[in-house]
Number of protein chains: 2
Amino acid sequence: MPDIYQSLMVHVRQTTALEQVAGLLGWDQETMMPRGAAAQRGEWSGAMESTLHSRRTDPKIADWLASLEGSNLSEEQAANLRHIRRSYDRNTKVPADLATEIARTTSVSQGVWAEARAADDFAAFAPTLKNVLTLRRQEAAALSEGGDLYDALLNDYEPGMTGAKLDALLGSLRDGLVDLRGRIGGSDVQIPALDFDFDDSLQMKLAHKLADVFGYDWSKGRLDKAVHPFSSGSGNDTRITTRVDVRNPFNCIYSTIHETGHSSYEQGIRQGYLLSPLGQGVSMGVHESQSRIYENQLGRSEAFCGWLYGQMRDLFGDFGVGSERAFYQIANAVGPGYIRTEADEVQYNLHVLMRFKLERALISGDLEVDDLEGAWNDQFKADFGYAVDKPSNGVLQDVHWSVGLFGYFPTYSLGNIYAGALYDKLRADVPSLDADLSRGDTAPAIGWLCQNLQQYGGLYEPSEVVERATGQAISEQPLLGYLNRKFGAIYGV
Amino acid sequence: MPDIYQSLMVHVRQTTALEQVAGLLGWDQETMMPRGAAAQRGEWSGAMESTLHSRRTDPKIADWLASLEGSNLSEEQAANLRHIRRSYDRNTKVPADLATEIARTTSVSQGVWAEARAADDFAAFAPTLKNVLTLRRQEAAALSEGGDLYDALLNDYEPGMTGAKLDALLGSLRDGLVDLRGRIGGSDVQIPALDFDFDDSLQMKLAHKLADVFGYDWSKGRLDKAVHPFSSGSGNDTRITTRVDVRNPFNCIYSTIHETGHSSYEQGIRQGYLLSPLGQGVSMGVHESQSRIYENQLGRSEAFCGWLYGQMRDLFGDFGVGSERAFYQIANAVGPGYIRTEADEVQYNLHVLMRFKLERALISGDLEVDDLEGAWNDQFKADFGYAVDKPSNGVLQDVHWSVGLFGYFPTYSLGNIYAGALYDKLRADVPSLDADLSRGDTAPAIGWLCQNLQQYGGLYEPSEVVERATGQAISEQPLLGYLNRKFGAIYGV
């Protein structure tokens with residue numbers, strides 16, 4: 001039995017290593033690759049995918065699993081088997097032709113979307129989106145074996161989560177957010193905007209300092225610029241990216257802290273789990289809980305903003321903001337906007353929930369692609385109170401659907417819900433938190449997150465690892481409580 | 001028949017794509033990888049090697065080849081088949097266990113060498129070198145099937161070349177070089193050294209300009225710093241590196257031009273050959289012919305040095321050299337030195353020939369590793385007239401043997417011989433060459449190289465492609481003629 005487990009894990013470790021190589025290709029493509037190499041890179045990625053597909057569907061895996069399941073295994077062995085079984089079933093349920101067709105289609109559909117967005121022309125994207133949607137619905141049908149299509153897709157990103165569970169969590173979250181936003185809208189607190197040019201290289205210097213301050217281990221990663229910031233990699237090679245907007249330093253600051261959260265999670269997983277299924281963040285939602293608690297509950301806190309204000313005065317001189325309090329308010333201003341990724345903490349989840357509703361309707365067949373732009377615009381008007389001015393600010397703003405990521409959006413809000421719950425417990429366990437953050441000391445907070453969540457990697461299921469850390473069932477209430485306290489105080493409502 | 005050829009090429013293209021992915025891993029490791037990622041990277045490389053080995057030894061290849069060989073094929077199809085046959089035979093002749101053991105051993109032996117070099121302690125490296133040598137001799141025995149061991153290894157880097165052919169070419173080269181060096185030693189021309197600090201970032205600016213000037217296509221590559229400069233990649237993703245020594249700008253200048261030569265060769269190959277065996281430089285020797293003709297015959301010419309002097313005055317101001325002529329002499333000074341990679345054009349090949357002699361003796365069994373340091377020091381004293389002062393300046397200076405590269409060194413000298421022959425024909429075909437170079441215009445020269453050699457990639461065998469370009473049988477005489485003319489004029493001998 002130990003020999004069989006060993007054989008299985010040798011195979012899986014090598015597959016995981018190859019997956020990480022494919023991940024490096026993605027990082028390189030966004031940061032280093034010369035522009036003329038795109039087509040050649042497509043061939044490389046295709047060759048890697050083909051290799052990975054063969055390894056993931058190797059019939060030997062089924063034999064090994066059959067021999068091992070039900071036998072006496074340690075907690076970690078059982079967790080590894082659970083992940084391997086899920087991956088094997090997922091990959092063998094989808095016919096090879098369909099998998100190839102999805103890979104082929106989504107490798108070009110992102111480019112079509114990018115052009116349509118640049119031209120503000122949804123009609124130019126619609127035929128491609130129809131293809132992608134049709135293929136993903138076929139895939140969902142293969143995966144679900146008669147069950148709910150959307151749940152089957154969601155399971156790729158957040159194992160164990162279902163649309164029905166999300167309805168309960170997100171419905172109540174939505175009501176609370178709409179109420180809070182209404183009260184903020186009635187406030188007479190006026191928050192001014194920044195009006196200063198923040199030097200590019202000084203912003204990058206600050207970005208390095210912020211990654212430092214949030215515990216990023218430079219021996220296991222690096223920081224580069226990218227058009228759309230992302231983090232990449234696992235274990236001892238986890239890289240982050242950021243971007244710089246000279247007029248808006250919060251872009252660089254909070255992108256950096258957000259991506260540091262993702263990478264610190266990967267860096268914090270037990271070294272013994274390296275290259276095994278346990279050696280990476282357990283789900284998109286739990287990943288987002290780390291990036292968002294770093295970015296918002298810690299990085300946008302009044303205590304940390306006070307410290308950050310001093311750092312920025314040292315770096316940039318007088319940039320026209322007179323106090324820590326004013327700086328904190330500017331960093332947390334709630335205002336109108338079309339773009340999800342630029343939204344404040346109060347409205348961010350309203351953007352996500354809109355996409356969740358629309359993509360569920362697309363997958364179920366209740367909404368046709370031809371009607372998507374209208375449905376988006378109607379929903380946006382209903383949710384935000386003003387009309388979308390152009391498709392690039394509306395239905396074409398996100399890359400996700402163009403590459404077939406249906407079922408991904410709700411994990412953003414789940415991450416926020418998890419972060420809210422973790423923050424409540426963190427405050428209870430680390431009473432010095434505000435005093436620490438006001439000195440720019442995140443170590444106690446991050447130590448708590450690592451100890452209680454990050455180190456476990458894939459050992460527990462997503463909701464389980466959060467519930468173990470918080471001692472509570474998953475609920476939207478801690479997040480709502482946090483947002484009401486924070487923004488109630490900022491806006492006096 | 002077309003279907004069989006098609007099936008074979010689909011397989012080979014995917015293997016080539018994966019080889020290029022492995023190549024990117026190597027580039028990343030030397031330029032971007034965080035230091036803590038080394039062990040994890042070892043797992044990635046091992047997984048890629050294992051995947052590649054399976055694909056290269058797939059029995060389907062033997063069936064496809066058997067069906068196709070002897071049938072009516074185009075020149076390009078026949079050339080592809082020749083490469084695929086050579087690779088398949090090479091990879092199937094070596095037992096899998098031995099291949100794995102070589103990969104495992106050489107993945108750590110470079111580290112042992114680096115530590116021994118830092119400690120100037122050959123004895124600390126000797127046991128590891130013995131292992132590597134034993135394994136490579138076993139591999140050579142498997143490859144040669146009773147033939148010459150050294151030829152079998154040489155064939156990996158320079159197909160068709162043999163030790164006997166090298167003896168003829170290199171023996172005569174050696175005699176000519178020793179004679180020329182003797183005459184230079186008797187010259188009373190004194191060439192001063194540079195004494196100036198050349199700003200790091202200005203050197204990198206110059207490096208970008210030089211790559212530009214030598215026709216590097218930035219849409220297909222990029223330039224970064226590395227401890228030991230190298231070029232990497234094929235087709236539309238070919239990257240170069242350089243290094244900066246503030247006291248010696250020639251390090252950056254000629255590393256950049258050298259690596260540009262390697263990468264321009266790859267960039268210049270017919271686009272239709274991309275991802276096929278024809279789509280990469282045909283041998284190490286032909287590759288080195290391009291890097292060396294860019295670096296030496298073009299980059300260190302009096303005409304080009306005149307233009308370069310003006311560029312450097314513009315960039316660095318007065319750096320203490322009063323004329324183009326003086327600058328040209330400094331860039332070509334012949335003097336004492338222990339290190340091959342820093343040697344002048346006259347003595348470089350003497351360094352290489354010494355290694356060729358020693359490694360042949362190691363492979364044949366005439367020289368034991370325990371006697372290598374003594375043999376090196378004796379040979380150096382005999383060849384250069386002064387004693388090695390420490391192992392890091394002697395037997396431990398090159399990485400090659402530590403990673404099993406036996407049979408590689410002579411390709412450096414072959415490259416110089418090829419470059420000498422190509423330069424003779426280039427001068428005859430492009431009479432404006434010196435006038436062009438004196439304006440910093442390399443386009444006619446590089447256009448000639450691309451037209452007559454680079455574009456063919458792997459279509460012809462190494463010596464064949466050079467002979468087609470020059471119209472002459474391979475000979476060391478053009479190189480010797482060039483060196484005698486150039487250094488005779490500089491030193492008045």
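This note goes through the domains, a sheet, a helix pair and a chain contact in a predicted model.

1. Domains of chain A. The domain assignment divides chain A into domain 1, residues 2–157, and domain 2, residues 160–493. Taken over C-alpha atoms, the centres of domain 1 of chain A and domain 2 of chain A are 26 Å apart.

2. Contact between the domains. On one side, 43 residues of domain 1 of chain A take part, and they are in contact with 40 residues of domain 2 of chain A. Five helices of chain A each give at least two residues to the domain 1 side: α1 (2–31), α4 (75–93), α5 (96–118), α6 (122–144) and α7 (149–157). The largest share of that side is from α1(A), with 11 residues. Sorted by class, the side of domain 1 of chain A that touches domain 2 of chain A holds 21 nonpolar, 12 charged and 10 polar residues.

3. Sheet. Chain A has an open sheet of three strands in the order β1-β3-β2, and the pairing is mixed. The edge positions belong to β1 (223–225) and β2 (231–234) of chain A; each has a single partner strand, so one side of each has no neighbour in the sheet. From one strand to the next, the twist averages 20°.

4. One strand pair. Within chain A, β2(A) and β3 (residues 237–242) run antiparallel and are joined by four bridges. In this pair, A:Gly233 lies opposite A:Thr238 of β3(A).

5. Helix pair. Two packed helices are described by the distance between their axes and the angle between them. For helix α9 (residues 200–213) and helix α12 (residues 302–316) of chain A, the axes come within 11 Å and cross at roughly 145°. The crossing of α9(A) and α12(A) is right-handed. From α9(A), the contact uses A:Leu202, A:Lys205 and A:Leu206, and from α12(A) it uses A:Gln311, A:Leu315 and A:Phe316. By class, the residues of this contact are four nonpolar, one polar and one charged.

6. Contact between the chains. Chain A puts 31 residues in contact with 31 residues of chain B. On the chain A side, the elements that give two or more residues are α1 and α2 (38–56) of chain A. The largest share of this side, eight residues, is from α1(A). The side of chain A that touches chain B divides into 15 nonpolar, 10 polar and six charged residues.

Notes
Residues are numbered from 1 along each chain as its sequence is written. Chains are lettered from A and ligands numbered from 1 in the order in which they are written. This is a predicted model: local features need pLDDT of at least 70, side-chain atom pairs count only at pLDDT 80 or more; totals for chains, interfaces and linings use all residues. Domain bounds come from an automatic or database domain assignment. Two residues are in contact if their C-beta atoms, placed from the backbone, lie within 7 Å. Ala, Val, Leu, Ile, Met, Phe, Trp, Tyr, Cys and Pro count as nonpolar, Asp, Glu, Lys and Arg as charged, and the others, Gly among them, as polar. Two strands pair if DSSP finds at least two bridges between them. Axes are lines fitted to C-alpha atoms, for helices over the stretch in contact, and angles run from 0 to 180 degrees between N-to-C directions. A crossing is left-handed if the near helix is turned anticlockwise from the far one by less than a right angle, and right-handed if clockwise.
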